[in-house]
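Subject: Structure handover

Hello,

Here is the structure I promised to pass on. My notes on it follow below.

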Amino acid sequence: MSDARIANVRGRRVWDSRGRPTVEVDVTLKGGAFGRAIAPAGASMGSGEAVDLRDGGARLGGYDVGRAVGAVNGEIAAALAGMDVADQAAVDGAMIARDGTANKSRLGGNAIVATSMAVLHAAAAARGAPLWRHLAQGRKVRIPLPEIQIFGGGAHAARRVDIQDFMVMCPGAASFAQALEWTAEVYLAAGAIMKQAGKLQGVADEGGYWPAFRSNEEALDTLVAAIRKAGFAGGGDVAISLDVAASEFGHGGSYTLALDNRKLDTGAMIDMLGRWCAAYPIISIEDPVAEDDAEGFVAFTRAHGDRCQVIGDDFLVTNAARVQKAAADEAATAVLIKPNQAGTVTETRAALEAGKALGLGTIVSARSGETEDTTIVDLAVGWDAGQLKVGSFSRSERMAKWNACLRIEEMLGSDAVFAGRGALGFCHRSEGTRA
Ligand code: PGA
Ligand code: ZN
């Protein structure tokens, strides 16, 4: 292995899939190895996330990252100079200490996460290994089950419908490549149905069709029709997954469904989702209630968690302590893992390992603001997360990630094990304890 001490850290402004500024970081080691990563950006964010540093003001909508890039090239570069990238925890710890805030708001979650991931890439490069293999360290890993959006909604489609993501998962597929092929058929079929209905109006932020629907149920009905039209019936091979992202329209146990012109309390919200679970082949629901509704999460998981994966995103914000509490309370059966929610690779990994140790499903996820950076694919494979959520099946910031995962599956050849249905997290409650 070449000299793995940091020689140079360089940040620059690049642009994300919404045309907004974001932070890219290059890390060069004394031995010449190099790593690069770009910070993604969310639109429907949990209040417990690491906070990006943006310049504010009128220019570029306040989204510019001049101060965050300055932090990389100034304080962060100085703090990391000479550090050994083989010790990711020490590098991340140095940035956390230098930042000094609980939410990384001083140097910026965007500055810190891009640097942290660039350091990780440099460490893999110094060992001459693909990142996923560097992370796997010889352990057997699975190719993740993809969760792929067909219709966008919520904050990603100007709140055209309340529910944020209408997705498919292919638990019956034999490989990642087959799951993508099946999803491509469903995506094509959904487009044809939208076109025929005169409702094809382009795509939302993550590439799913713009949701020109009269109700949330019409979106579900159309998704079922698309799955059928693509040749899959019954829900066994191709099933539905939803991200309700309920924190976007609910607080204090009150939920406002704008499209249906209804206000629901937590119980009514859980009942509605329960009816959907009975009527449609739904195998996974993310953030069914708001991040401030821990009791709602417990009630939903108790009612449906044995058949439907219950994912905490805004609720758990890639935080190991929150994951541990949720597992103890049976408030979720799976955790979404987003590196920029935690802010460093080390904290991201801690949240994922906490989930796995406690029997939760783990889904590594992109953000709605993305780039050509495909680091999360290596994390999902190398850490054996079992599931991967990247957005839809269009727009190259999404396809770059699906394609990167295809290449890893090909590289593994006959050693490739597709995570498939077994990756989903469910309640494994012993008989008689069901409320
Ligand atoms: P975001 O949403 O990236 O816009 O925050 C993604 C999600 O809720 O999973
Ligand atoms: Zn979410």
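How are the donor residues of the zinc ion (ligand 2) spaced in sequence? The spacing is D-x42-E-x26-D. Asp 243 (OD), Glu 286 (OE) and Asp 313 (OD) are its protein donors, lying 2.1 to 2.2 Å from the ion. Donors here are N, O and S atoms within 2.8 Å of the metal (3.2 Å for Na, K and Ca), and water is not among the atoms, so sites may look incomplete. Asp 243 belongs to strand β7 (residues 239–243) and Glu 286 to strand β11 (residues 282–286), so this pair ties together parts that are 43 residues apart in sequence. Both Asp 243 and Glu 286 are buried; the term means under 20% relative accessible area, with exposed over 50% and partly exposed in between (1.4 Å probe, protein chains only).

Before the rest, some conventions. This is a predicted model, in which local features need pLDDT of at least 70 and side-chain atom pairs count only at pLDDT 80 or more, while totals for chains, interfaces and linings use all residues. Residues are numbered from 1 along each chain as its sequence is written, chains are lettered from A and ligands numbered from 1 in the order in which they are written, and side-chain values use heavy atoms, with hydrogens and water left out. Helices (H or I, at least four residues) and strands (E, at least two) are DSSP runs, numbered from the N terminus.

Next, a helix pair. Helix α12 (residues 375–382) packs on helix α13 (residues 396–412) at an angle of about 40°, with the axes 9 Å apart. In the contact (heavy atoms within 4.5 Å), Ile 376, Val 377, Asp 378 and Val 381 of α12 meet Lys 401, Ala 404, Cys 405 and Ile 408 of α13. Eight of the eight residues of α12 are buried, so this helix is largely enclosed by the rest of the structure.

Last, the backbone. Most residues other than glycine have a negative phi. Just after α12, Asp 384 takes a positive phi of about 55°. Thr 318, in the loop between β12 (309–312) and α9 (320–329), has a positive phi near 50° and is buried, with a relative accessible area of 2%. Arg 395 has a positive phi of about 70°; this residue sits in the loop between β15 (386–392) and α13 and is partly exposed, at 28% relative accessible area.

Regards

Note on methods: Axes fitted to C-alpha atoms, helices over the stretch in contact; angles between N-to-C directions.
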